[in-house]
Amino acid sequence: MIFWGNHTGQPMPYRGWNVVVGERRNNTKTQFAASIKRLLKWLQEYTSVDTVTLLLPVSDQQHLAVYATLGLEEEIRQQIRIPIGQGIAGRIAENMLPMIIDDVSAVEVYSPILRQKGLRSLVGIPIPINEQSIGVLHVGTFDSHYFNERDVQQLQLIAHRLKLMIGDADVLQIECDRHHNVGKLISYINIIHREFLLNLSALRKQILKLKNVVKTFYNSSIQRYIYVFSFMRSQVD
């Protein structure tokens with residue numbers, strides 16, 4: 001269960017950030033995913049942004065995948081994986097430093113979805129889940145926006161809550177297993193696709209060979225027919 005209050009004792013800009021994570025006992029995976037979604041929705045409304053995205057490492061620890069997002073859902077549908085060290089999220093995870101980007105079009109991005117959706121400005125921070133695993137949380141706008149250090153601090157408050165939630169729920173292991181299974185499925189599909197293309201190529205060769213045989217037989221039959229017809233005509237004459 002997640003609920004919010006204004007009794008943080010923090011300065012006014014941070015009032016309302018008291019996100020309390022209750023016991024997850026008896027919560028299902030679906031309920032937990034809904035809690036994460038609710039948290040991201042609240043963050044989206046509170047910061048007045050267009051996109052909010054949480055990325056977690058997959059099983060090889062060399063890539064990030066989108067676990068939950070508002071505004072960039074295509075990244076989940078297309079199973080986008082961001083290599084650590086590449087793109088915006090990959091560099092945030094590698095350097096373990098926040099990143100503020102005023103103009104996304106001026107920097108390298110790995111996911112084509114960011115360009116397709118027209119994301120303009122972005123701020124992202126790393127989430128150190130454990131000693132080996134680094135997640136990333138970023139928010140963005142479609143219109144030009146100048147994020148600042150205060151935005152980074154606000155995201156860090158939410159990132160701390162997310163870290164606790166992910167650790168308590170073993171989400172990282174579940175997500176790694178899911179992407180590992182998806183990766184195995186994609187590999188299996190690629191193998192089937194290659195075998196299909198090989199079989200299709202072999203079938204085309206057989207059809208071409210049969211076509212040549214039929215053509216040869218046809219030409220030979222026509223030639224014999226012409227010879228017989230010519231011979232019979234000569235006998236009549």
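Okay, let's start with the largest nonpolar core, which has 27 residues. A nonpolar core here is a set of buried Ala, Val, Leu, Ile, Met, Phe, Trp, Tyr and Cys residues joined through side-chain atoms within 4.5 Å. Buried means under 20% relative accessible area, exposed is over 50%, and partly exposed is in between, with a 1.4 Å probe and protein chains only. Inside this core, the residues with the most contacts are Ile36, Leu54, Leu137, Val139 and Leu162. At least two core residues come from each of α1 (29-47), β3 (51-57), β4 (63-70), β7 (121-128), β8 (134-141) and α5 (149-169). The top contributor is α5, with seven residues. Apart from this core there's another one, of 20 residues, including Leu64, Ile80, Ala89 and Val109.

A quick word on what you're looking at: this is a predicted model, where local features need pLDDT of at least 70 and side-chain atom pairs count only at pLDDT 80 or more, while totals for chains, interfaces and linings use all residues. Residues are numbered from 1 along each chain as its sequence is written, and side-chain values use heavy atoms, with hydrogens and water left out.

Back to Leu54. What does Leu54 touch, not counting residues up to four places away in sequence? The list is Ile36, Ala65, Val66, Tyr67, Ala68, Ile127, Val136, Leu162 and Ile166, where contact means heavy atoms within 4.5 Å.

Then there's Val123, which sits in strand β7. Its relative accessibility is 1%, so Val123 counts as buried. Leaving out neighbours within four places in sequence, Val123 is in contact with Met99, Ile100, Leu137, His138, Val139, Phe147, Val152 and Leu155. Val123 and Asn148 are 25 residues apart in sequence, and their C-alpha atoms are 8.4 Å apart.

Now let's zoom out. The protein has six helices and eight strands; these are DSSP runs numbered from the N terminus, H or I with at least four residues for helices, E with at least two for strands. From the N terminus, the order is β-β-α-β-β-α-β-α-β-α-β-β-α-α. There are 237 residues, and 36% of them count as buried. If you take contacts between residues at least 6 apart in sequence, 55% join residues at least 24 apart.

Next, helix α3. Why is helix α3 (residues 87-95) largely enclosed by the rest of the structure? Because seven of its nine residues are buried. Those are Gly87, Ile88, Ala89, Gly90, Arg91, Ile92 and Ala93.

After α3 comes Met96, in the loop between α3 and β6 (99-101). Met96 has a positive phi of about 55° although it's not a glycine. At 34% relative accessibility, Met96 counts as partly exposed.

Ser48 also has a positive phi, near 55°, and is a residue other than glycine. You'll find Ser48 in the loop between α1 and β3. Is Ser48 buried or exposed? Exposed, with a relative accessible area of 60%.

Last stop, the inside space. The lining of the largest cavity is Leu55, Glu75, Ile82, Ile88, Ala89, Val109, Tyr110, Ser111, Leu114, Leu122 and His138. For the record, a cavity is a set of points on a 1 Å grid over the protein atoms alone where a 1.4 Å probe fits but cannot get out, and lining residues have an atom within 4 Å of a point. Ile88 and Ala89 in that lining are also among the buried residues of α3.

Key
1 Å grid on protein atoms, 1.4 Å probe; cavity = no way out; pocket = protein on both sides within 12 Å on 5 of 7 lines; lining within 4 Å.
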